[in-house]
Amino acid sequence: MSVEIAKAFMTATIEVLSTMAMITPKAGKPFVKKDNAASGDVTGLIGLTGDKTGTVSVTFTQKCALSVVKSMLGDDIQDVIQDTKDMVGEITNMISGKARQILAGDGLTMQAATPSVIMGKNHTVHHVSSEPIMAIPFTTDHGEFSVEFCFE
């Protein structure tokens with residue numbers, strides 16, 4: 001099932017970023033992550049419950065996050081820190097929502113909590129499950145980001 005889940009998150013991530021930020025990410029090879037270190041500077045984290053219980057995170061490098069904010073807001077940036085925090089939380093929510101919609105087609109139903117956002121260099125991301133963490137790296141013309149998920 002984790003292959004189907006990874007495919008759902010890849011598809012959801014590409015669709016959300018392409019549609020909302022006009023940035024087309026390229027997915028790398030998924031892998032099992034061995035530690036809690038974030039692969040970037042800003043992370044959105046959301047809990048899921050239902051047929052599967054776990055967490056999903058989306059971590060952007062600072063450069064990539066700022067490019068996504070600029071693409072989504074244009075010249076309407078009021079507070080770069082708050083706007084980046086809001087954008088990462090919303091992107092995490094949209095990726096989670098689209099992936100859940102895809103997985104519902106396979107009979108897997110999950111509900112999401114409100115996302116939280118962690119900012120800062122060298123932060124860590126703690127997924128709630130003790131199961132292996134799957135990570136999917138993405139590249140864009142504006143930098144890198146990754147999507148991680150971990151379900152019991």
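Visitor: In this predicted model, which lysine meets the side chain of Asp41 in a salt bridge?

Guide: The model is a predicted one, and in it Asp41 sits in the loop between strand 2 and strand 3, while its partner sits in the loop between strand 6 and strand 7, 80 residues apart. The N to O separation in this salt bridge is 3.4 Å, and the lysine that meets Asp41 is Lys121.

Visitor: Is Lys121 buried or exposed, and what of Asp41, buried or exposed?

Guide: Asp41 has a relative accessibility of 16%, which is under the 20% cut-off, so Asp41 counts as buried. Lys121 has a relative accessible area of 59%, which is over the 50% limit, and therefore Lys121 is exposed.

Visitor: How many salt bridges does a search of the whole structure find?

Guide: One of them is the pair of Asp41 and Lys121, and another is formed by Lys33 with Glu148. Lys98 and Glu15 also meet in a salt bridge, and the number found in a search of the whole structure is three.

Visitor: How far apart are the closest N and O atoms of Lys33 and Glu148, and why do both residues count as buried?

Guide: Lys33 belongs to strand 2 and Glu148 to strand 8, so placed that the pair links parts of the chain 115 residues apart. Because buried means under 20% relative accessible area, Lys33 at 11% counts as buried, and Glu148 at 3% counts as buried too. The closest N and O atoms of the pair are separated by 2.6 Å.

Visitor: Which helices are linked by the salt bridge of Lys98 and Glu15?

Guide: The side chains of Lys98 and Glu15 meet at 3.5 Å, N to O. Lys98 is partly exposed at 21% relative accessible area, and Glu15 is partly exposed at 36%. The two residues are 83 residues apart, and the elements they link are helix 3, which holds Lys98, and helix 1, which holds Glu15.

Visitor: Which residues of the largest nonpolar core touch the most other members, and which element gives the most to this core?

Guide: The core has 35 residues, and those touching the most other members are Phe9, Phe60 and Phe149. Several elements each supply at least two residues, among them helix 2 (62–73), helix 3 (80–104) and strand 8 (143–151). The element that gives the most, with seven residues, is helix 1.

Visitor: How far apart in space are Gly28 and Thr139?

Guide: Gly28 is in the loop between strand 1 (26–27) and strand 2 (31–33), and it is partly exposed, with a relative accessible area of 28%. Leaving aside neighbours within four places in sequence, Gly28 is in contact with Met10, Ile136 and Pro137. Although Gly28 and Thr139 are 111 residues apart in sequence, their C-alpha to C-alpha distance is 7.6 Å.

Visitor: What is the phi of Met22, and what is that of Asn122?

Guide: Most residues other than glycine have a negative phi. Met22 is found in the loop between helix 1 and strand 1 and counts as exposed at 66% relative accessibility, whereas Asn122 lies in the loop between strand 6 and strand 7 and counts as exposed at 75%. Both have a positive phi, that of Met22 being near 55 degrees and that of Asn122 near 60 degrees.

Notes:
Residues are numbered from 1 along each chain as its sequence is written. This is a predicted model: local features need pLDDT of at least 70, side-chain atom pairs count only at pLDDT 80 or more; totals for chains, interfaces and linings use all residues. Side-chain values use heavy atoms; hydrogens and water are left out. A nonpolar core is a set of buried Ala, Val, Leu, Ile, Met, Phe, Trp, Tyr and Cys residues joined through side-chain atoms within 4.5 Å. Buried means under 20% relative accessible area, exposed over 50%, partly exposed in between (1.4 Å probe, protein chains only). Helices (H or I, at least four residues) and strands (E, at least two) are DSSP runs, numbered from the N terminus. Contact means heavy atoms within 4.5 Å. A salt bridge is a side-chain nitrogen of Lys or Arg within 4 Å of a carboxyl oxygen of Asp or Glu.
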